[in-house]
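Subject: Structure for your review

Dear colleague,

Please find below the structure that I am handing over to you. I would ask you to look at it first and then to read the notes that follow.

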Amino acid sequence: MVHVPVKVKMPFLWGRAVFKKDEWRNINLVVGPNGSGKTLLVEAIAEAFSASGYAVKFFRADQREDREALDIVQGNEAIRQKIQAVLSSMFGKTIVFKQGEGGSYVPVVVNRAWNVEYNLEEVECHGLREIITLLAALYANTGNSCLIFDEPELHLHPQFQQFFADELRRVSQRHPTRMYFIVTHSPFFIDLRFPEDFLGVLVCHTNREPTHIEELGRRDEELLGRFLPRFNSYHKQFFFSDNQIFVEGYTDQQLFASLLPYVQTERGVAGTGIIDVGGKDELGVFCKVCDLLGTNSRIITDLDSLFGGKLRDVFCADARAAQWLERQGEKQRPFYESIFTVRELGAKITLEKLIFRLERYLAVIGRALCDVQSSVGYEGEDGTRQEDGLESGPLEGELALLVEKLDSLDQKHSRAENVDTFKTVVLQGVIAEGELQEQLERHLPESISGSLPLVRNLFNLILAAASAAGVYILSQGCIEHYYTQSSVRYMPVAGKDRLFHMERKHLLLSDPDTVRSEYAPLLSILEAACVR
């Protein structure tokens, strides 16, 4: 790390906020959406490094000229030979610099396959011109220097972007005191291989100051170390927008991406993308990484995320959820008194505490539902078997389906009430509307059925607190429970791939009015996640 104090004020972009950073890695990435002040920021950084004795060279996207690069090539034979070898290997063509009229060197491409050669300056070869300029600047860099590349990806094929990023890392490792800044919109320049590489990332935002990671704790390093091997170019989209939404898998991504054009928010959905990360635990990791970088991530996740995994740990610890609950404290006091003991009320009400209480309710309700068919009662006046006012005849309809699912899970697991799926199914039953609500009240003991409204209230409070932390939970279960072309009751869901393709085809072929009507619940969740 290099110590160069930088302090930047830009009231027209950030208001009264001030950007401060003192410690710098030798490769620093400046990322963010268009109009967030990236170039202005690196100009201010360039002034600070220049004042600290660095020879600063700024390669601007709109002013970069290959003439300067060719002058370097002409005056330095070692660099000329090196670039010739690199380019010939990259393009599978012989590329040499030949002296033209006036003694200046010009790049010439020799196409071995067709036995022809042509002057690079006389044809449309922007990519070759760009890579020559970048390599010449990189190889000619000496001494106590600071190079700033503004959008080096211009005109470069993705593989060439990756090549230059690799070459930049290789050169920087040989010269650790030389400084490099990359202002980029390309995921191929987000070359993060070790947790400490995140310390060189500056994230610019719309209408607020840039953010960065000041230092990494041991647990952060461990998390990032596990995260990086699974971090691909597709995932890196979140570096370039504050409006990315993360989901678990490709089916969620495809459905929500198809619904995105139908979202109507005050500021629209420009710049919003849907990124699938490959699992519930990965959502927790992405959420934590965004939190470290200061990026405002939004997450849409399945109902079972409430009951375990990294994501639950992250949003339960989120300061925004805690602040929201604190503001609700006086209003929710009567409700808290109905679900907590006096002793429990003496401690702070947290999101984790609310979820624990929900789990206890669900365990009791779930166990009662598993036992409901085996209850023994007496014969009432109407001929039904009763016990303490319970109806205990054969179960039918929605309740029969729910009990069958719970009974299956109960037989599979020794303590099913501790299993996430079991708790999720119980909750799906409790929050269901219509016939099932009436059946639950008739078949459950009064002491338990009386808690059902409390559970529904508690669940809604948890949903609101989680959304304050940018986590939007699919309250019906998972994406399949919102499908219109199939009927899926409870988790887990079988045959997901077949159901998805049938649903996707229907969604893509439906007219706008049908989409807005049939997918209103999903659109409501998506619109909430899109609000900035």
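Two strands are said to pair if DSSP finds at least two bridges between them. In general, the strands of a sheet pair through backbone hydrogen bonds, either parallel or antiparallel. Please keep in mind that this is a predicted model.

**The sheet**

With that definition, an open sheet of four strands can be described, in the order β13-β12-β14-β18 and with parallel pairing. Strands β13 (residues 273-276) and β18 (residues 471-473) each have a single partner strand and stand at the edges, so one side of each lacks a neighbour in the sheet. On average, neighbouring strands of this sheet are turned by 25 degrees against each other, direction ignored.

The pairing of β14 (residues 298-301) with β18 is parallel and runs over three bridges. In it, I300 stands opposite Y472 of β18. Helix α8 (residues 250-259) lies across β12 (residues 244-247), β13 and β14, and it runs at about 170 degrees to β13.

**The salt bridges**

The model has 20 salt bridges.

The side chains of D166 and R193 form a salt bridge with an N to O distance of 2.7 Å. This pair links distant parts of the chain, 27 residues apart: D166 belongs to helix α6 (residues 158-174), whereas R193 lies in the loop between β9 (residues 179-183) and β10 (residues 201-205). D166 is partly exposed, at 32% relative accessibility, and R193 is also partly exposed, at 42%.

R218 and E222 form a salt bridge as well, with their closest N and O atoms 2.8 Å apart. Because they are four residues apart in helix α7 (residues 218-227), about one helical turn separates them. R218 is exposed, with a relative accessible area of 59%, while E222 is partly exposed, at 38%.

E282 sits in helix α9 (residues 280-293) and R230 in the loop between α7 and β12, so that the pair links distant parts of the chain, 52 residues apart. Is E282 buried or exposed? Its relative accessibility is 17%, and E282 therefore counts as buried, since the cut-off is under 20%. R230, at 41%, counts as partly exposed.

Finally, salt bridges that share partners join R25, D166, R169, D191, R193 and D197 into one network.

Yours sincerely

Conventions. Residues are numbered from 1 along each chain as its sequence is written. This is a predicted model: local features need pLDDT of at least 70, side-chain atom pairs count only at pLDDT 80 or more; totals for chains, interfaces and linings use all residues. Side-chain values use heavy atoms; hydrogens and water are left out. Helices (H or I, at least four residues) and strands (E, at least two) are DSSP runs, numbered from the N terminus. Axes are lines fitted to C-alpha atoms, for helices over the stretch in contact, and angles run from 0 to 180 degrees between N-to-C directions. Contact means heavy atoms within 4.5 Å. A salt bridge is a side-chain nitrogen of Lys or Arg within 4 Å of a carboxyl oxygen of Asp or Glu. Buried means under 20% relative accessible area, exposed over 50%, partly exposed in between (1.4 Å probe, protein chains only).
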